[in-house]
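Visitor: I would like to learn how to read a structure like this one. Please show me the model and take the features in turn.

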Amino acid sequence: MTETIHDLIGVGFGPSNLALAIALHERQSPVDALFLEARPGFAWHPGMMIPGADMQVSFLKDLVTLHNPASGFSFLSYLHERGRLERFVNRKSFFPSRVEFNDYLGWAAAKLGTICAYDQRVTAIEPVERQGQITLLRIRAEDECGCVTTRLARQIVLAPGGAPHWPAPFADHQGVPGLSHSSDFTHAVLPRVRPGQSVAVIGGGQSASEIFAALAAHPAGLSVDLILRGHALKPADDSPFVNEIFDIAHTDLLFGMPPRQQQAFRQDFAATNYAVTDTDLLQQIHGLLYEQSVIGEERLALRRDTAVAGLRPGPAGLALTLKTPQGRQDRHYDHVILCTGYRREAETLGLTGIASWIQCGQPDRQYRLPMRPGFLPAIHVQGYSEQTHGLSDTLLSVLAVRAQEIAASVEAAHRGQLLAAE
Ligand SMILES: Cc1cc2nc3c(=O)[nH]c(=O)nc-3n(C[C@H](O)[C@H](O)[C@H](O)COP(=O)(O)OP(=O)(O)OC[C@H]3O[C@@H](n4cnc5c(N)ncnc54)[C@H](O)[C@@H]3O)c2cc1C
């Protein structure tokens, strides 16, 4: 069967590649692009659609506004089209609910029509050699039934997001009933909890706090332990001067720093995003625990300074060995939920087939990977340059502008390929 050749194939169709697809569309780009998405339809973190959870960035940091406030793909255009613009204004908040922002993203994806093929999990990216040069990439994708489709691309943009992190001692127990990652919370845990069951939530960041609060309020009257290694749940710093690190200009600032300074800068501002919780949610959780102490209940617990040293599945549920400054103890739970974050490592990118062509070093300022001579396809990455481009790289803040930068770089590579082919 002949394989279709695309100028560009995008791997993953979350907000990053969705913003790129819009940028190419609005630029009336000559680049013929197709995006491949593993999920059966558009969905943004579907396992964390916790009712009542709000966005952590302003709606003005949508897919387009920071580049072009007049775009028809803005959050405001979405509200207008949905007939909710005035009601949203009356809400007096910059922060839509996560459910509404997901609906906005899905609306924008649908407006683009068939630019994305869903139920296409990319499983391999291989080089295609012609006369000693790599001229194309072969992209293998599998659907849910295991049917494989291969396509050829002159360029790719990789934006697969992070992979759920399963640290020790949990990594060897993936698939064990009752054990799950926060990324599956709303579809794998919520429908399965039964009255009076016990749940351990592991982690000290935003996801752990959101899940703890949701389970605490669940009508099933669950016993919920929030187990964290640290001594306290800490607040996310979103104060105005600190928040400037997510401004567009900071990408250039970070990129211009020597590696050691970049690292120090990231560490200095880690409390904007890592192992921290929004202050209003912290107060809500504190209030829940306080109220419980007033009525003399012990259904909810914050187990601080506690590390999980072992896990044993058994007939009485999941036994966790907890290590505290006072010693070790075993506790049994019906459900254990890991809120241990995501990993963004080179392996997640699926580039093993072309690894030998990648030169040492980081993506350039335009997010393009450095490749050895003789490798013609351009490879851009989104969400994999936090080290060099700053903490906004894995978030939504710079999405609209980064998409334009990558679109321009893709078009420049495309022109170069056309010239080389003449
Ligand atoms: C619960 C939660 C809430 C968040 N809230 C905020 C927020 O309020 N503000 C903020 O700035 N950031 C937030 N973030 C950070 C988040 O990373 C970004 O919001 C955003 O999702 C990044 O977009 P992305 O497209 O790079 O990655 P993702 O959204 O992860 O999308 C990647 C897509 O690639 C697909 N994919 C992966 N592998 C393959 C493959 N092999 N083949 C085909 N498709 C593949 C996935 O199915 C997914 O659809 C949140 C993160 C989480 C987990």
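Guide: Start with two helices (helices are DSSP runs of H or I with at least four residues, strands runs of E with at least two, numbered from the N terminus). Helix H2 (residues 75-82) and H4 pack with their axes 10 Å apart, at an angle of about 90°. Axes are lines fitted to C-alpha atoms, for helices over the stretch in contact, and angles run from 0 to 180 degrees between N-to-C directions.

Visitor: Are H2 and H4 roughly parallel or roughly perpendicular?

Guide: Angles under 35 degrees count as roughly parallel, over 145 as roughly antiparallel, 65 to 115 as roughly perpendicular and the rest as oblique. H2 is therefore roughly perpendicular to H4.

Visitor: Which residues make the contact of H2 with H4?

Guide: Contact means heavy atoms within 4.5 Å. From H2 come Phe75, Ser77, Tyr78, Leu79, Glu81 and Arg82, and from H4 come Glu100, Phe101, Asp103, Tyr104, Trp107 and Lys111. By class, these are 6 nonpolar, 1 polar and 5 charged. Ala, Val, Leu, Ile, Met, Phe, Trp, Tyr, Cys and Pro count as nonpolar, Asp, Glu, Lys and Arg as charged, and the others, Gly among them, as polar.

Visitor: What should I know about the source of the model?

Guide: The model is predicted, so local features need pLDDT of at least 70 and side-chain atom pairs count only at pLDDT 80 or more, while totals for chains, interfaces and linings use all residues. Residues are numbered from 1 along each chain as its sequence is written, and side-chain values use heavy atoms, with hydrogens and water left out.

Visitor: At what angle do the axes of H1 and H4 cross?

Guide: The axes of H1 (residues 15-26) and H4 (residues 98-111) cross at roughly 40° and come within 10 Å. H1 and H4 are therefore oblique to each other. Pro15, Leu18 and Ile22 of H1 meet Leu105, Ala108 and Ala109 of H4. This contact has 6 nonpolar residues, with no polar and no charged ones.

Visitor: Which residues are closest to the ligand?

Guide: A residue is near a molecule if one of its heavy atoms lies within 4 Å of it. Here 28 residues surround the ligand, and the closest are Ser16, Glu37, Gln56, Val122 and Leu396.
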